[in-house]
Amino acid sequence: MPESVDLKNVDVWFQDEGRFGQQNTISRIWAPKGSRPGLIRQRQFKYAYMFGAVCPERDKAIALILPMANTESMALLLNEISKVTQV
């Protein structure tokens, strides 16, 4: 760290992201032994991604819920953090 930076003016943020959604389990039904009855099963997956960051020292937190996790999503989070940290 450069000596010209006053550590009293430095914020420490903790960041994490997670995927939340639906994914079904194997479908089972009761049937006579040896038979293979037809079964309709949901196969699509739906997800949302949550990006969050917190600064305990300043008692600040930011969270974004987005449809995908990629570079643009992280850039959105960093942009929101920069809005909160501007003096």
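**View 1. Pairing of strands E1 and E2.** Phenylalanine 20 has alanine 48 of E2 as its bridge partner. Strands E1 and E2 run antiparallel and are joined over 9 bridges; two strands count as paired if DSSP finds at least two bridges between them. The model is predicted: local features need pLDDT of at least 70 and side-chain atom pairs pLDDT 80 or more, while totals for chains, interfaces and linings use all residues. Residues are numbered from 1 along each chain as its sequence is written, and side-chain values use heavy atoms, with hydrogens and water left out.

**View 2. The hairpin of E2 and E3.** E2 also pairs with E3, in the antiparallel sense over 7 bridges. Tyrosine 49 is placed opposite leucine 66 of E3. The two strands form a hairpin with 4 residues between them. In the turn, aspartate 59 has a positive phi of about 60 degrees.

**View 3. The chain as a whole.** The chain has 1 helix and 3 strands, in the order β-β-β-α along the sequence. Helices (H or I, at least four residues) and strands (E, at least two) are DSSP runs numbered from the N terminus. Of the 87 residues in the chain, 13% are buried; buried means under 20% relative accessible area, exposed over 50%, and partly exposed in between (1.4 Å probe, protein chains only). Among contacts between residues at least 6 apart in sequence, 50% join residues at least 24 apart, where contact means heavy atoms within 4.5 Å.

View 4. H1 covers residues 71–85, 15 residues in total, and reaches 21 Å from its first C-alpha to its last. That is close to the 21 Å expected at 1.5 Å a residue, the expected span being 1.5 Å times one less than the number of residues. Its buried residues are Ser73, Leu77 and Ile81. Seen down the axis of H1, these fall within an arc of 80 degrees, so they line one face of the helix; the arc is that of the directions from the helix axis to the C-beta atoms. Their cover includes strands E1 (14–22), E2 (46–55) and E3 (60–66). The face turned away from the buried side carries the exposed residues Thr71 and Glu72.

**View 5. The start of H1 and serine 73.** A side-chain oxygen of asparagine 70 comes within 3.2 Å of the backbone nitrogen of glutamate 72 at the start of H1. Serine 73, in helix H1, is buried with a relative accessible area of 5%. The side chain of serine 73 reaches the backbone oxygen of methionine 68 at 2.7 Å. Neighbours within four places in sequence aside, serine 73 is in contact with Phe51, Leu66 and Met68.

**View 6. Salt bridges.** The count is 2 salt bridges, each a side-chain nitrogen of Lys or Arg within 4 Å of a carboxyl oxygen of Asp or Glu. One joins arginine 58 and aspartate 11 (3.1 Å, N to O). Arginine 58 lies in the loop between E2 and E3 and aspartate 11 in the segment before E1, so this pair ties together parts that are 47 residues apart in sequence. Arginine 58 is partly exposed at 31% relative accessibility, and aspartate 11 is partly exposed at 31%. The side chains of glutamate 80 and lysine 83 also meet in a salt bridge (3.2 Å, N to O). Both residues lie in H1, 3 residues apart, about one turn of the helix. Glutamate 80 is partly exposed, at 26% relative accessibility.

Technical notes
A polar contact is a pair of N or O atoms within 3.5 Å; within protein, one must be able to donate a hydrogen and the other to accept it, and residues adjacent in sequence count only if both atoms are side-chain atoms.
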